[in-house]
There are 2 protein chains.
Amino acid sequence: MTHSYDTTSALRAAEHVDPARLLDSIDALATIGARADGGVDRPALSALDIDARRGLIERAQALGCTVSTDACANLFFRRPGNEDLPPVMTGSHIDTQPTGGRLDGAYGVLAGFECLAALADAGVRTRRPLEVAIWTNEEGSRFQPGAMGSSSFVDPARLAGYRSVRDAAGVTFGATLDAHRAAFPSLDTRASGAVHAFIELHIEQGPLLELADTPLGVVTGIQGVRWHSIRCTGAAAHAGTTPMRVRRDAMTLAVHVRGAIETFALELGGDAARITFGSWRVEPNSINTIPSAVTFTVDFRHPDPAVLASFDAALADCIAQHRTDVHLEPLFEHPPVHFAESAIERVRAACVALGARSQPIVSGAFHDALHLAKHCPTAMIFVPSRGGISHNPLEATDDVHLVSGTRALAHCLVELCNEAR
Amino acid sequence: MTHSYDTTSALRAAEHVDPARLLDSIDALATIGARADGGVDRPALSALDIDARRGLIERAQALGCTVSTDACANLFFRRPGNEDLPPVMTGSHIDTQPTGGRLDGAYGVLAGFECLAALADAGVRTRRPLEVAIWTNEEGSRFQPGAMGSSSFVDPARLAGYRSVRDAAGVTFGATLDAHRAAFPSLDTRASGAVHAFIELHIEQGPLLELADTPLGVVTGIQGVRWHSIRCTGAAAHAGTTPMRVRRDAMTLAVHVRGAIETFALELGGDAARITFGSWRVEPNSINTIPSAVTFTVDFRHPDPAVLASFDAALADCIAQHRTDVHLEPLFEHPPVHFAESAIERVRAACVALGARSQPIVSGAFHDALHLAKHCPTAMIFVPSRGGISHNPLEATDDVHLVSGTRALAHCLVELCNEAR
């Protein structure tokens with residue numbers, strides 16, 4: 001049997017996206033781990049996460065999908081294709097920050113489910129299978145680092161190290177994986193494998209689309225990041241008895257170093273620079289004792305590798321100027337990721353085909369797509385975040401934008417599913 | 001029987017101070033609660049504190065003193081006088097900070113004991129009784145506030161409130177008072193009462209005497225203090241997705257406010273000003289989230305009430321400039337205390353009589369003498385702190401200074417004990 005795969009099937013799939021069904025599914029998932037303030041607290045592989053997964057497994061099976069899992073508790077909901085070819089994937093995560101919102105991650109998964117349902121309603125058959133994935137522990141709130149599921153899918157050797165990581169209660173990630181396996185004994189276990197393309201739909205989590213009044217973002221990549229911890233040391237002394245001229249106040253030094261770093265970060269990076277000093281620890285942290293040590297974190301992000309390299313050099317110079325009193329500990333870094341042009345073009349074409357305004361955008365946050373991009377052609381679609389707010393119970397996106405994003409996703413998934421190679 | 005009380009008895013008492021006995025007693029007390037790093041950790045009314053008190057009670061009884069306690073577990077070691085007149089008191093405290101040193105408080109108590117022994121050795125009889133006091137919970141580390149013993153001696157109405165205060169383990173101060181009473185059932189319980197004068201000998205806990213190479217400080221008073229908590233609010237947002245121009249970073253605001261306060265504090269207070277921002281709490285304190293709120297403390301001290309008032313006004317102006325984003329919570333204040341000229345003069349005269357160099361000094365730290373000054377003519381003697389270090393296992397004073405301070409204490413205690421009125 002041969003099929004012709006024309007562009008009308010992508011449009012029909014997009015048209016069959018059902019706004020009420022999509023929004024109802026978002027509401028329903030948000031009840032699992034609902035916070036009194038309207039937010040969601042659903043830790044990775046908690047009983048709440050398992051509940052949520054159980055409901056989605058049942059829904060996928062009702063849609064005629066096969067469901068499988070892997071060694072990192074990722075779930076794969078597969079709609080068969082006409083040919084035995086690597087699938088097109090979409091999806092995201094359903095774990096949340098402790099004070100998380102309803103959309104971060106969940107939106108991408110539920111939009112994927114809406115695409116499965118829309119394709120069924122539209123009677124669209126595709127050349128390739130379509131898979132919706134739930135990636136485990138993207139947030140990194142319960143187990144560090146984040147994105148364990150997607151990163152171990154791409155690089156299975158990472159899993160052994162992840163298994164021994166403990167949460168705040170001392171439970172290992174490995175034990176939660178075993179419990180997940182036991183909770184769903186009938187699921188097939190699969191290995192990683194070839195993927196034709198991965199498209200992740202996500203809220204922007206920033207204000208750029210809203211500020212530009214643009215409903216859809218064609219994400220071209222993810223900016224690079226440097227995370228450092230800086231420790232400034234002084235000498236504890238009595239606040240009442242120690243004259244100012246003989247003090248060695250670690251906070252005075254830390255404030256000076258913070259200011260210097262901020263200045264050169266903005267000079268080097270311009271408008272695209274993001275510099276944040278988010279976490280502070282002061283010792284002994286007593287009202288009447290001069291601080292003896294202050295440790296603070298630096299989060300610098302930029303899409304340009306050359307700027308990141310200049311920042312590294314300037315930071316090294318800055319630390320060297322305070323050789324004995326300021327110490328730098330690099331915590332993490334990731335180079336900028338540029339998504340595959342072929343995948344980006346599919347997202348842009350979907351926006352055009354649907355008559356939706358879009359603009360290119362670089363992701364400021366990490367996503368599972370960061371890892372998938374090493375495995376297969378990958379791109380993302382963003383919808384606006386109201387007020388740019390995320391990781392917050394106030395996280396929100398206008399319904400019309402949630403629907404537009406899902407229609408764009410449906411369109412480009414079908415087009416990708418029908419690619420011969 | 002009549003006595004003549006000439007100045008030779010004060011000199012004889014000072015000469016009979018025994019350096020080896022004094023230093024041995026300091027070494028012995030430092031073994032109770034000794035830390036591996038050379039410091040001392042002896043929480044107020046802990047089993048260690050009770051052990052230490054038991055040893056001092058036995059020593060006082062061996063010296064022929066009567067020992068009594070009161071409703072706040074203060075201990076009074078009384079050497080009788082020839083006449084039934086209010087006593088002269090000295091003493092300090094033997095509780096320590098968790099990472100405390102060997103001398104803070106303990107030195108003043110043990111120097112008082114050395115004076116009791118020196119008077120006995122010298123065969124000196126005094127007109128008035130001499131009492132050495134151990135004041136309970138001066139540090140305020142286990143139970144807040146500090147100086148519960150001396151403040152309730154001066155104002156017994158405070159005790160009822162203190163009794164319900166709990167330590168970190170949930171034990172009430174009242175329960176520890178009852179346990180103390182049960183530990184020493186044979187001691188008489190006394191009420192407060194008239195005191196002729198109080199002299200407290202203490203390490204400076206600051207660097208001024210050492211910097212000036214002066215062995216003895218004649219303490220003229222205790223500087224005034226203002227404690228405030230300042231809360232700066234912003235908006236939490238994602239470090240990667242939020243452009244700099246739309247951020248409301250609470251730490252950026254807090255650093256600005258800290259700088260403004262420091263500037264006017266030093267302009268108003270000059271060399272005598274002490275401004276410290278010791279305790280900081282950042283929310284949510286996450287490496288990749290812009291701080292939404294920063295709370296920090298202000299400790300401002302000055303000996304001049306006019307400067308303290310000017311500081312209050314400038315602080316109010318500063319807060320008013322950031323009406324919605326910066327909030328001030330006053331935590332504590334105490335006016336400057338000026339000791340009684342009569343008592344200060346006795347200390348100065350003792351230094352002169354002993355040929356010891358001295359200088360006037362204002363105490364930067366609080367002491368039990370702060371409270372006693374409301375009750376009777378009060379003064380203090382300081383000896384140098386090596387490197388100005390205190391509340392620290394490295395706390396140290398040269399032996400020769402420890403002895404000089406004790407000789408000066410013995411001299412002025414005898415002179416005060418022999419005052420007719």
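1. Between domain 1 of chain A and domain 2 of chain A the count of salt bridges is 0, a salt bridge being a side-chain nitrogen of Lys or Arg within 4 Å of a carboxyl oxygen of Asp or Glu. The model is predicted, so that local features need pLDDT of at least 70 and side-chain atom pairs count only at pLDDT 80 or more, while totals for chains, interfaces and linings use all residues. Residues are numbered from 1 along each chain as its sequence is written, chains are lettered from A in the order in which they are written, and side-chain values use heavy atoms, with hydrogens and water left out.

2. Domain 1 of chain A covers 8-222 + 337-417 and domain 2 covers 224-334, with bounds from an automatic or database domain assignment. Their C-alpha centres lie 36 Å apart, and 10 residues of domain 1 are in contact with 7 residues of domain 2, where contact means heavy atoms within 4.5 Å.

3. Turning to the two chains, 48 residues of chain A are in contact with 48 residues of chain B. Together the chains bury about 4000 Å², 59% of it on carbon and sulfur atoms; buried area is the accessible area (1.4 Å probe) that two parts lose on being put together, summed over both. A:Thr241, A:Met244 and A:Ile287 supply 16% of the area that chain A buries against chain B, more than any other three residues.

4. Chain A and chain B have 2 salt bridges between them. In one of these, A:Asp249 pairs with B:Arg258, and the closest N and O atoms are 4.0 Å apart.
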